[in-house]
Structure formats: C-alpha cells, structure tokens
There are 2 protein chains.
Amino acid sequence: MTDIDFFFDPKSIAIIGASDSFRFGYTTTKYLLNSKFKTFPVHLYKTEILGHKAYKNIKDIPESIELAIILVSNEHVLQAVKDCVEKGVKGIIIESAGFAETGEEKYINIQNKIIEIVKESKIRIIGPNCVGLTNFYNEFTSSEVEFNRVLKGGISIIAQSGVLGNIFIDWGSSQKIGFSKAITLGNKIDVDEVEMLDYLNNDPDTKVITLYLEGTTRGNDFKQILKQMTKPILILKNGRSESGSNAVKSHTGSMAGNDKIYDAVIKQNPGIFRVNNFYEMFNIAQVFSTQPLPKGKNVGVITGSGSLGILACDEIERQGLSLAKLNEDTINQIKAAIPNWVSIKGTIDLGPSMMTSLIPSIKAVLTDVNVDSLLYIFSVPQGPLEHLNFSVSPYFRLMKKLSKENNKPCICVCFGSRWCFEYVLKRASQFGIPVIDRIKYAIKAFKMMYEYSQYLERKDN
Amino acid sequence: MTDIDFFFDPKSIAIIGASDSFRFGYTTTKYLLNSKFKTFPVHLYKTEILGHKAYKNIKDIPESIELAIILVSNEHVLQAVKDCVEKGVKGIIIESAGFAETGEEKYINIQNKIIEIVKESKIRIIGPNCVGLTNFYNEFTSSEVEFNRVLKGGISIIAQSGVLGNIFIDWGSSQKIGFSKAITLGNKIDVDEVEMLDYLNNDPDTKVITLYLEGTTRGNDFKQILKQMTKPILILKNGRSESGSNAVKSHTGSMAGNDKIYDAVIKQNPGIFRVNNFYEMFNIAQVFSTQPLPKGKNVGVITGSGSLGILACDEIERQGLSLAKLNEDTINQIKAAIPNWVSIKGTIDLGPSMMTSLIPSIKAVLTDVNVDSLLYIFSVPQGPLEHLNFSVSPYFRLMKKLSKENNKPCICVCFGSRWCFEYVLKRASQFGIPVIDRIKYAIKAFKMMYEYSQYLERKDN
C-alpha cells in the first residue's frame, strides 16, 4: 500500500488560485485559512487573501508544503503543477475542470503533459475535474463541506465529482447519515479507485464503502482489489446506455465500458453489492454501518398502515426474504395488548392503536426466535402528531435495547409530510435507528446484510 | 351514473360515535362541528360534544340527515346502520374496522348483514374500515386532513385506507402537490372503485386519477370503466406476492387476484399506466396535472452535475425516450454564454457556471425545435445557496413563460439537503414547475405523457 495519508491529513497546504470573492474555491479557501491546518494562499496578483499574506508562486512560500490544491483555470494548471514539483510537494489536488473531458485536443494535450510529469516525478495527483476530498474525523476538506452541519460516521465515499463530494453529504447529513471519508477523483490521471479502495480497507474509521463508478482503466487491478476487500462495498455504476456512456466521456474523459462485465465482476464477490441510485446506496450503507447483521431471512413487520404492510410483504418476497411467522407465544403476548380488530396474522398492523400496542409489540417481536430483523413502518398523520403529546422516543429506546441484546437489525420506514419525517428522524437517530422513506431500501438492506453475514460465516469456517 | 354527490357535498351530517377526546375520529368530529357543514353529534351517553348538543340516536335529530359517519366500535355498527336506514339518510361512511378483514366468522357475519341491508334499501355505503373521503374544493372531509396545510389541485385519489386518505396527502402537500378528491373505500361492501372512477371522470376539478388497488370483485365492470375513461389514470396494484396477497385479505378482506391479469388489463388501455410506488404515483400525477403534454420523445437536459446528467441519459434510454440533439444554433447560443470547460455535447452540464449560464441555456433549449421537454437538474451545495444571494426564481419564471409559449413540459429534479429542496420547491412552485427528488420519476412522467399525447392524437384522427 502506498502512503497517501498526506491527502487526508496534510501537515501544510498551499492553495494555488486562492479565492477571496464568491466563486468556485472561495468556501474552501476561507475554511482552510481559518482552520487548524497550516495553509498558504497563492495568487498571481493579490498580496493578501482574506487577511492572510498571499504568495505569487508556491515556490515563494518559506516553509515546506505537503499538499497543493490547484483552483486556477485549465490553461494555467500545467505551470502550477510544474511549480509544485519544483517546490517538492508530496501531493496535488487539481480541482480545475476543462481537460480530457472536453474532447478537445488542446485540453487533452495539457492533461497528457501533466500525466508525464506524474510519471517522471514522485508527485501524486488527485483530479483534475474534481472537488478533492473530505476527512470527517480531522475535519480536513478541499470541498464545500461545512462541518457544523455534517455527521461523523462509518460510511466512506469514492466518487468522480462534486455531487458526491458535497451534495449527497448535505443530503446524508439531513438524514442523520454519518461519513468517514469522501473522495472525488475526477479524471483520475494518477490516484484512482483501486488505490482508494485499498486505503479505505485499512482505514479504521470506515465500516462500509460506497463507490460511484463511471469506469475504470485498470480492470485487472480493480478485480484484484475487490477480492481483497474485507469491508462491505456498495457500487453504483453509471453510463449503462449509449448516450449515458457518451456523457461519461464528456464528464471525466473515462470509458464507461461494457456494463455486463462490471455486473459480473461485482457478482463474483460476496461482500460487494450493486445498487441502483444514490439514495439507495446511502440508505443501505447507513444500515450496514449502524445495525448488527441479521442471522436469518425472517423479517418481522410492525406497521401503522395495512397498505404499506402489504407493500412490505411484496418487497420481502421479491428480495428472497421471508415474512417472519411469529411464535404462538408472541402472538398471544401481542393479542393481550391490542384491540380485537387489529390484524396480526402476517404483518402486525396496529393501525390507530399504535400508541397503546406498539411497546408490547416491539418487545414480543424482537424477542421472538423466529424473527431476525424488524421493519417498523411509521405512518401517523401530521395533525395528531402535532396536537397530541405523542412521544415516539420510548419506541426507539426499546428497539435499541432489544436490538443490541438480541443482535437484530431494526429500521424505521417513515411516511408522511417532511415535518413528520423530521419529527421521527430526530428521535430515532438519538437511539441509532435508521429512518428511511422507502420500504424497498430497508428490505434490500436486510437482504444484503443477510448475504454478508452468511459470507462471513463461510469465511470463518 | 348514480348520483353520489352527497358523499362529496353533504347538506347535513350526523357523526355516530362523535368523539370529544383524543382518539380515532376526534379530529373529524372537531373539524366538522366547527365547519360550514351542518353537523350533529350522536353519542350513547353524552348530551354535549365539544359545545354542541349531542343526540342519543340519529333518529332523535329533528332535521333530515343526508350523510352519516359511523365511528363506533365494530360490534355496534350494525345497529347504527339500521338506525340510519330508519332515519332515511342517503349515505353512510363506516370508518370502524373489525369486519371481514379479521378473518373471524363473527365479524364476517356482521359485515354480511350490513350488505343485506344495503341490498334491501336504497342506502349507499362507503367502507367499512376506511377514513372516508375528502373534497379539497369545498373542504368537506371525514378524514384527518387539515385544509390550512393542503393544496387544491387536479389530482384525485381512490384508495383502500388511511395511508392514502391522509399520510400521502400530508406528504403531497409538503411537495406542493395539489389534490381534488381523496376517496378511501375500505372493505367496499357497496361503493367501489368502478363507481368512483365513473364519478371522477365527470368531476371537472379532476385532471388525473390515481388508483391504489388491492383487488376488485367486479372484473368485467372494472375493465369496462377503464375503457370509457377520458382522463389519464395511474394505478398502483399491491399484493403481488403470496404473503402480500394474504396481507390484502387481512387488510380489507379483498382478494388480490392474479397480478398478470391486472397487468394485462392495464396495458390494454393507452391512457392508463401502472406505477410502482406511492411517490412515483404522485410525482408523475403532478406533472400530468400541471404541465403540457410533450409532442415528441426528445428530452433536453440541463444539469449542475455531470454524474447526475449521466444518470439521466441512462434513464432516458431505458424509458425509450431520446436525449435531445440540439440545433447548431442552440449550441452556438449556449457556447457564447458559457466558459470553455463546460460540456454541452449531450446534456448541458453547467457545473459551477450555473449562475451565469443558466438563463441563456434555458432560453436556447426551450426554443429549440429538437427539444420536446426539459429536465433541469438542480444540485447546488447548501453552503453557497445559504451564503450567496442566489436567486433561483428567474430561472423558473423563464421556464414557465417558455414552457407555455412552446408547449413543452418542464421538471426540476433537485438533489441536496432537505433545506435545499425546500428552498428550490418554494420558488419553483410559484411558477408551477414540479420539483421531484428522483430523475427516474421525471423521465417516466415524460414517457407516459408522450404516450398519452400520441394516444389523444390517434383518437382525434
């Protein structure tokens, strides 16, 4: 494994093309200059940037620099890279766009010249055409992540570009999903997903890896590293269609490749799963990173809505899992606590009796040996939830306790207005119970985690 | 067509089992007693409910009653229905649960006795085991809808039970989706989806119908009415799996039936579309009810993120549509307004140049004859959106204007934190542009609307 720690915890930083007005790079400049990270702004004309002395060239900085972040426009990047080599920096993040992805010879040539510099020197480069990376544990970022808003957690991201470097981190944080590292690789002229997978496999803060892939140029190495991984990986591969594949080319200059080959490679590895969209990817990753692995296929379902319970049954069967058949004892325990009109033959459909019936139901289901995981479907209209002193915290407290004692994963799927979702999310997340807005993702999470637990068992034997 | 208008606009109402403490039915009782609808509470013991004189029996009410809402527990429903018949009411909504869906003979028998009463009298019944209906135009509801929060619009709902009678209305309203009628039918001992489809087909406020179906007992009539419909219908059919099909039985006592038959029936009718989940159903319905029908298959894509643009290309191809090939003129117009690194070969990937490039891009794309619809992918991190004076309203104002002038539907798909989504939604909805969080639903909407527009054209010729 190569040492690329300096990308994640740089001892000193130069920002080439530091910005003091609101445009691309401003947020990064402002954040790093005022952070604990020793940072020097570099600017061709300005002598001061946001109150910090600015240098005309990185070579003018009187101290040694470990990491350079390049933000200047594409035509100036090659010179900046040359200066970095002369300065002796260890690594560069080139965020500027406008290289091979444009399809124009002039810019392809610039990119190729930078590749030659990488080959001739020891310098390591991330990018170009990316937003670099974020380390949620030491709070280093070359992107637009604001640490007062995001959450630390067990999920790491490897991606191409901005949307996963900041947009989905914004989204994840508003879903109480916590991250470890977010890495965007852009056109990948040097550091790529193979090296980053290896790095994250050894990162103690990373529990599960999400990989958004537009294509890889190192097919064999990619296959090899997937085999060596000891953490679950969720892969989203784009560019399946012809126009999508063309778009990949003009996005990061990569080749999308034959989708069937990627599919086969992913299926060969039991700990590696293909997902269909970003929401699915992060929702499932969150369950992986916060819940115990289920020991079997049997999903217990407690629902406030019959229709949604039916939808859950359909999804459980589609994914090859089973609706848990409750013990006689469990059924009697629940029956003692519910009105006669409540249906508990398949799913436990509490309807409007939830307030009184939920605690005994959770207890009975999570202690039933025929149940391996719990799906709790929350659907209370906003009116009652607002007007009534309706405390949902005890449900999630009990789920956490029994989930831990019995090693069974729990997910709450919440339906309703955004206000309702926030209400439930705030309380459930205090007890580490993931809240999702799709039954499908919850059931897929149970399925993948069950497969993963079976794989670990086989490996141990 | 039978006259069932009194269910939607009752001249006088009795609430049997009116509730003055916070349990099922309280919200409805409180709302109707204080509404413009003439409402009388009926209660076995109480002489006053929320400041209104209560009657021991519906027969004691000194005025004629058009609609009775029954909320009493299952064992008392039969007597209440008999009283209603004697009183001469036109219709009853039975919300109480605990009948055929329990699978217990005792309760099945009660349901059968009520069915006999329906047959012998002229009385019409909705339910049991439902939350009745809501008319968003005159603000009548037997459910828990709060009219200060919801929006009037062109979408009507026919469903089984609560989750569509209130939960998804809460959700829809927080997405700025407007409704016309929401109808829940429960165990359907009398009024069913066939009659309601007919009713809504003649309702001037209904532009598009969403139907959540667990099963129908009138297969031939159902096929017949689908043929006669003159409005687009989106159908979600549950209970495809064995456990799901069992759950249908214990939810509303219906038979799920053979899923393939439903699928075939739906496919036979060009204006009728099957959807896969509630979110998809309402997001697509909103586009149908607010946007013009596209004349062709060519989708123009303007995106702030390359990755999401690729995802859109994949989805466009999967749905059988085409990524629009822009006119030379359009490309030149956009090129004049964008930096050299922006990619406009397939999707128009503006990246961080959005602020300056978006207005000319929208203008060029929506006036291009090769473009039939516009997908605009919004992905700006929360930080810049918060700190910068970033006004998105002009984009949506322009979209509205050009969409109207050129008869081209527009959808904004927004990614990011919930705060970002709210920010965009608030502004886009002022100009009637739908905001969705999934590219898939947007493309599916364009596809279904294109098919619908072709169907209308064939019909006209």
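**Notes on a predicted two-chain model**

1. Let's start with a loop residue. Asn407(A) is partly exposed, with a relative accessible area of 38%. Its place is the loop that runs between helix H14 (393–406) and strand S19 (410–414) of chain A. Although Asn407(A) is not a glycine, its phi is positive, about 55°. Please keep in mind as you read that this is a predicted model.

2. Lys176(A) sits in the loop between helix H4 (162–174) and S11 of chain A. Lys176(A) is not a glycine, yet it has a positive phi of about 60°.

3. Now step back to chain A as a whole. Its secondary structure consists of 16 helices and 20 strands. The C-alpha trace spans about 80 × 45 × 40 Å along its principal axes. A compact globule of 461 residues would have a radius of gyration near 23 Å, and the 25 Å of chain A agrees with that.

4. How much of chain A is buried? Buried residues make up 66% of its 461 residues. Among contacts in chain A with a separation of 6 or more, 73% join residues 24 or more positions apart. The accessible surface of the chain comes to about 17,100 Å², and carbon and sulfur atoms account for 48% of that.

5. A word on charge. Chain A carries 54 positive and 49 negative side chains. The centres of these two sets lie 3 Å apart.

6. Helix H9 of chain A covers residues 278–290 and reaches 18 Å from its first C-alpha to its last, close to the 18 Å expected. H9(A) is mostly covered, with 11 of its 13 residues buried. Among the buried ones are Phe278(A), Tyr279(A), Met281(A), Phe282(A) and Phe288(A), and also Glu280(A) and Gln286(A).

7. Have a look at Glu315(A), which belongs to helix H10 (residues 306–318) of chain A. Is this residue buried or exposed? Glu315(A) is buried, because its relative accessible area of 4% is under 20%. Leaving out residues up to four places away in sequence, Glu315(A) touches Ile439(A), Lys440(A) and Ile443(A).

8. Strand S11 (residues 179–184) of chain A holds Ala182(A), a buried residue with a relative accessible area of 3%. Ala182(A) and Ile157(A) are 25 residues apart along the chain, but their C-alpha atoms are separated by 4.6 Å. Beyond four places in sequence, the residues that Ala182(A) touches include Ile157(A), Gly132(A), Leu164(A) and Ile169(A).

9. Where do the two chains meet in these notes? Gln382(A), in helix H13 (residues 382–387) of chain A, is buried with a relative accessible area of 6%. Setting aside neighbours within four places in sequence, Gln382(A) is in contact with Ser417(A), Trp419(A) and Cys420(A) from chain A, and with Arg149(B) and Asp170(B) from chain B.

10. Do check the prolines too. The peptide bond from Gly127(A) to Pro128(A) is cis, with omega near -5°, and Pro128(A) is found in the loop between strands S7 (124–126) and S8 (133–135) of chain A. In chain B, the bond from Gly127(B) to Pro128(B) is likewise cis, with omega near -5°.

11. Finally, helix H15 of chain B has 13 residues, 418–430. Its buried residues include Arg418(B), Cys420(B), Phe421(B) and Leu425(B). Following H15(B) comes Gly432(B), whose phi is positive, near 70°.

Notes. Residues numbered from 1 in each chain as written. Chains lettered and ligands numbered in written order. Heavy atoms only, no water. Helix = DSSP H or I, 4+ residues; strand = E, 2+ residues; numbered from the N terminus. Rg over C-alpha atoms; globule rule 2.2 N^0.38 Å. Buried < 20%, exposed > 50% of the residue type's maximum accessible area, 1.4 Å probe, protein only. Contact = heavy atoms within 4.5 Å. Areas by Shrake-Rupley, 256 points an atom, 1.4 Å probe, with all protein chains shown as cover. Lys, Arg positive; Asp, Glu negative; His and termini not counted. Charge placed at Lys NZ, Arg CZ, Asp CG, Glu CD. Expected span 1.5 Å × (residues − 1).
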